[in-house]
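Subject: Structure handover

Hello,

Here is the structure you asked about. Please open it alongside this note, and then read on for what turned up.

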Amino acid sequence: MIEKFIDKLAGFWRSADAAMRSKAVDTASHEVEELEHIFAILVLGAFVGLPAPPIQITLELMTDMEHEFRLMLSKVATARDPLGELFSVLGIE
Amino acid sequence: MAGASVRPEIFFFVGKGGVGKSTVSALAALFSAASGRNTLLVSMDPAHNQRDLFETEFSEKPKTIQKALAVREIDSQYWIDRYLKQTHRQICKTYLYESAFCLQDHFKVLKFSPGLEEYALLTAFEDTLQHVSNEDVLIFDMAPTAMAMRFFSLPGNTDIWLRELLKIRNLILKKKEIVANIRNGRCDMGKDRVKDKIEVLIDRHSRLRDSFLSNATAVNLVMNTDPLSLSEAVRIQRGLTDIGICIDRVVVNKARPEDDVSPISKIFITQKLTVLPFAGAPLVGLSAMQNYLRENISSFDSFNNQFR
């Protein structure tokens, strides 16, 4: 009986902990994502018409930057509704 | 000034278009080879005057002209195409099919990107250094001023960009680690390929810049006695000084007996001065250049202090 209760309590604690951890890092995750966007635009900006570093840096680094490349393309897609994206990150209905 | 024990010694010949950089570098290469040093003359000038001077075709593969002297002609378009093909192949390997497919058209125009030609020259320069076997002396006949200056400043400028990108990358990785640690407890983030690549590139560009600043490298500025040539020579000196490169020697080419070189020696106080007299007849063909060298051997003797 007591063991069941402890198990349930531990389960509840784990779920609450995961939920709290997830909530706690949402803003930090968004910040990381934004930094990755900045990095992607800095290196791959030439592909969306923004000033870029010397072309050889782009070419050397882009071979390992598919993740950032996709992020940048998705950023272009969400660029039409930047406020909506910001509100959803901050949890504003 | 070239050091005593570092092999190979590297000599750049720079200057305004038409002052005779190719001729002077060919004569210096002939002199070096005649002095018993295995010499490779590398034409970095897209105009490729060396083939006209030696009256023979050259290519990327060094061609032996005479004992101890070979000539290589850098084809920047070959290096650009090779580099873009390699990058595209690598992207096809690492990217998903549709991403790589998206980029296909971009690669067709990338070869026209500004800055790619000097990067091609830098890659060819690096390749020349990597393939040195028994050469004692490497002589580079450089492109005219604007391209040569971009070539010399490229490693430094690229290095600045790379260090800034590395800062941002480190910040991203640090924050990613914090997020991962809070979400999942302490965990190993593993290697970041982009960061590793940036560090490799920083190392590579630092080595290239070091090779420009090395004691085994000397930059020779070729000029004529006319005022335009002098004012451009002053600008070249200023530009090179800004990136930490010193001019070792000033070669006054096509000097006539009535020409006064004192204004030049007053400006270039710390540089060695070599005056090469006007040839009279065009210096075309190996025998014409060898004759000129024999007749003016005293002018070239001063190069002996440079070639160790």
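One cut-off first: a residue counts as buried if 20 or more other C-beta atoms lie within 10 Å of its own C-beta, exposed if 12 or fewer, and partly exposed in between. Bear in mind too that this is a predicted model.

**Strand 1 of chain B**

Apply that cut-off to strand 1 of chain B. Seven of its seven residues are buried, so the strand is largely enclosed by the rest of the structure. In a regular strand, side chains alternate between the two faces of the sheet. Here both faces are covered. Glu9(B), Phe11(B), Phe13(B) and Gly15(B) are buried on one side. Ile10(B), Phe12(B) and Val14(B) are buried on the other.

Which strands pair with strand 1 of chain B? Strand 6 (residues 217-223) of chain B is one, parallel to strand 1 (residues 9-15) over six bridges. Strand 5 of chain B is another, also parallel, joined by five bridges. Some residue pairs to look up:

- Ile10(B) is opposite Leu138(B) in strand 5 of chain B.
- Phe11(B) is opposite Ala218(B) in strand 6 of chain B.
- Val14(B) has Leu221(B), in strand 6 of chain B, as its bridge partner.

**The sheet**

These strands belong to an open sheet of eight strands in chain B, with the order 3-4-2-5-1-6-7-8. The pairing is mixed. Strand 3 (63-66) and strand 8 (272-277) of chain B are the edges, each pairing on one side only. From one strand to the next, the twist averages 25°. Helix 8 (residues 227-242) of chain B packs on the sheet. Helix 8 touches strand 1, strand 6 and strand 7 (247-255) of chain B, and its direction makes about 160° with that of strand 6.

**The cores**

The largest nonpolar core has 67 residues. Phe11(B), Ile139(B), Phe140(B) and Leu221(B) touch the most other members. Helix 1 (residues 21-34) of chain B supplies the largest share, eight residues. Another core lies apart from this one, with 22 residues, including Ala40(A), Ile57(A), Met65(A) and Leu201(B).

Leu221(B) deserves a click. Beyond four places in sequence, Leu221(B) touches Val14(B), Gly15(B), Ala233(B), Ile236(B), Gln237(B), Ile247(B) and Val250(B).

**Helix 5 of chain B**

Helix 5 (residues 116-130) of chain B has 15 residues. From first C-alpha to last it reaches 21 Å, close to the 21 Å expected at 1.5 Å a residue. Its buried residues are Leu116(B), Glu117(B), Glu118(B), Tyr119(B), Ala120(B), Leu121(B), Leu122(B), Ala124(B), Phe125(B) and Thr128(B).

What covers the buried residues of helix 5 of chain B? Chain A contributes helix 2 (55-62). From chain B, the cover includes strand 2 (39-43), helix 3 (76-94), strand 5 (137-141), helix 6 (145-184) and helix 7 (193-213).

Ser76(B) sits in helix 3 of chain B. Ser76(B) has 19 other C-beta atoms within 10 Å, so it is partly exposed. Setting aside neighbours within four places in sequence, Ser76(B) contacts Pro46(B), Glu117(B), Ala120(B) and Leu121(B). Ser76(B) and Thr145(B) are 69 residues apart in sequence and 17 Å apart in space, C-alpha to C-alpha.

**Where the chains meet**

The contact between the chains takes 33 residues from chain B and 30 residues from chain A. On the chain B side, helix 3, helix 4 (97-110), helix 5, helix 6 and helix 7 each give two or more residues. Helix 6 of chain B gives the most, with 15 residues. By class, this side of chain B has 18 nonpolar, nine polar and six charged residues.

**Chain by chain**

| | Chain A | Chain B |
|---|---|---|
| Helices and strands | four helices, zero strands | 11 helices, eight strands |
| Residues | 93 | 308 |
| Buried | 22% | 36% |
| Of contacts at least 6 apart in sequence, share at least 24 apart | 50% | 73% |

Along its sequence, chain A follows the pattern α-α-α-α. The C-alpha atoms of chain B fill a box of roughly 80 × 40 × 35 Å along the principal axes.

Best wishes

Methods. Residues are numbered from 1 along each chain as its sequence is written. Chains are lettered from A and ligands numbered from 1 in the order in which they are written. This is a predicted model: local features need pLDDT of at least 70, side-chain atom pairs count only at pLDDT 80 or more; totals for chains, interfaces and linings use all residues. A nonpolar core is a set of buried Ala, Val, Leu, Ile, Met, Phe, Trp, Tyr and Cys residues joined through C-beta atoms within 7 Å. Two residues are in contact if their C-beta atoms, placed from the backbone, lie within 7 Å. The expected span of a helix is 1.5 Å times one less than its number of residues. Ala, Val, Leu, Ile, Met, Phe, Trp, Tyr, Cys and Pro count as nonpolar, Asp, Glu, Lys and Arg as charged, and the others, Gly among them, as polar. Two strands pair if DSSP finds at least two bridges between them. Axes are lines fitted to C-alpha atoms, for helices over the stretch in contact, and angles run from 0 to 180 degrees between N-to-C directions.
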